[in-house]
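Subject: Structure handover

Hello,

Here is the structure I said I would pass on. Please open it first, then read the notes below alongside it.

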Amino acid sequence: MDALWMIWTDPNMRWIVVGCMLLGLSSGLIGSYMLLQKRSLIGDALAHAALPGICIAFMLTGVKSTIGFLLGALSAGAIATFGIRWIAAHSRIKQDAAMGIVLSLFFGIGVMLLTRIQHSGDGGQSGLDKFLFGQAASMMREDVYMLAGISSLLILLCLLLYKPFKLISFDAGFARGLGWPVARLEQLMLLLTVLVVVAGIQAVGVVLMSALLITPAVAARYWTDKLSVMLLLASIFGACSGFSGTFWSSMVTGLPTGPVTVLSAMIVFAVSALLAPQRGWVGKSLRQRRARQQWQQGGTAHE
């Protein structure tokens with residue numbers, strides 16, 4: 001209780017907690033659609049693609065501006081998205097392979113630019129490498145406002161476009177046959193994914209952002225077959241992971257918030273995989289054992 005009170009009364013910790021919870025909520029929400037569309041790797045590709053955009057934004061401005069980094073990362077993410085779609089559409093390369101190609105290319109360029117910046121002698125580059133693994137402790141009020149805006153926009157669009165998003169997630173061909181603008185809806189969903197990824201890079205980092213995007217969604221999928229319930233659970237799991245990561249990192253000196261947040265999400269996934277009634281390992285084992293016993297009893301009675 002003392003630790004919770006300290007987090008609530010410390011203004012800096014309060015912003016970090018709110019920011020990480022909003023990030024987890026947004027990640028779980030949009031990650032559910034990515035999971036259902038079998039695009040789990042798209043978050044990884046977009047997160048790695050954002051790194052060169054951040055580096056180029058710093059090289060052009062010379063300052064660490066959140067807005068500048070956001071614009072740079074968004075531009076790089078949009079180019080990466082176009083590249084993935086173009087490669088998949090104009091070659092025999094499948095989309096997962098196209099994601100891997102774009103991920104490797106953009107991340108390689110980003111690391112090269114980051115290394116050049118670090119050896120340039122520019123004093124303003126201090127801490128720029130934290131975008132690789134995140135530094136939630138550096139989040140300010142403006143960053144939380146940005147996350148709140150992105151989360152609000154994401155929730156609003158998911159509510160307004162719930163039926164179209166649901167249809168293209170389960171049967172894009174049928175949606176196209178009904179006359180829905182499937183390509184535009186998919187592009188909008190990718191844009192929302194880019195927004196969440198870019199917003200979360202500062203807290204979780206390029207390397208771990210994809211885990212936070214997918215893990216709450218996978219955990220939620222174990223508990224339900226209904227999309228609406230899955231979206232709600234994934235958002236709750238993501239927000240709880242953000243709170244847990246901030247809490248434990250504040251209790252242990254030198255423990256980074258981003259990796260702990262991802263580990264918290266993995267714990268939620270492990271519990272779901274074990275204890276979920278229908279799909280969990282324990283439930284399946286008990287049902288198989290019960291079925292085996294019934295079969296044996298039936299066989300004995302028959303004899």
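The model is predicted. I start with the largest cavity, where helix α4 makes the greatest contribution to the lining, giving three residues. Two elements give two or more residues to this lining: α4 (66-89) and α5 (95-118).

The structure holds one cavity of 30 Å³ or more. The space inside the largest cavity comes to about 40 Å³. If you want to find it on screen, select the residues that line it: Arg39, Ile42, Thr81, Ile84, Arg85, Gln95, Met99 and Leu190. Sorted by class, four of the lining residues are nonpolar, two are polar and two are charged.

You will find Ser272 in helix α12, which covers residues 257-275. Is Ser272 buried or exposed? Its relative accessibility is 2%, and buried means under 20%, so Ser272 counts as buried.

Which residues does Ser272 touch, leaving out those up to four places away in sequence? They are Ala219, Tyr222, Trp223, Phe237 and Gly280. With Trp223 there is also a polar contact, made between the side chain of Ser272 and the side chain of Trp223 at 2.8 Å.

Regards

Methods:
Residues numbered from 1 in each chain as written. Predicted model: local features only at pLDDT ≥ 70, side-chain atom pairs only at ≥ 80, totals over all residues. Heavy atoms only, no water. Helix = DSSP H or I, 4+ residues; strand = E, 2+ residues; numbered from the N terminus. Buried < 20%, exposed > 50% of the residue type's maximum accessible area, 1.4 Å probe, protein only. Polar contact = N/O pair within 3.5 Å; in protein donor to acceptor, adjacent residues only side chain to side chain. Contact = heavy atoms within 4.5 Å. 1 Å grid on protein atoms, 1.4 Å probe; cavity = no way out; pocket = protein on both sides within 12 Å on 5 of 7 lines; lining within 4 Å. Points joined across faces, edges and corners; volume = space filled by probe spheres on them. Nonpolar A, V, L, I, M, F, W, Y, C, P; charged D, E, K, R; others polar.
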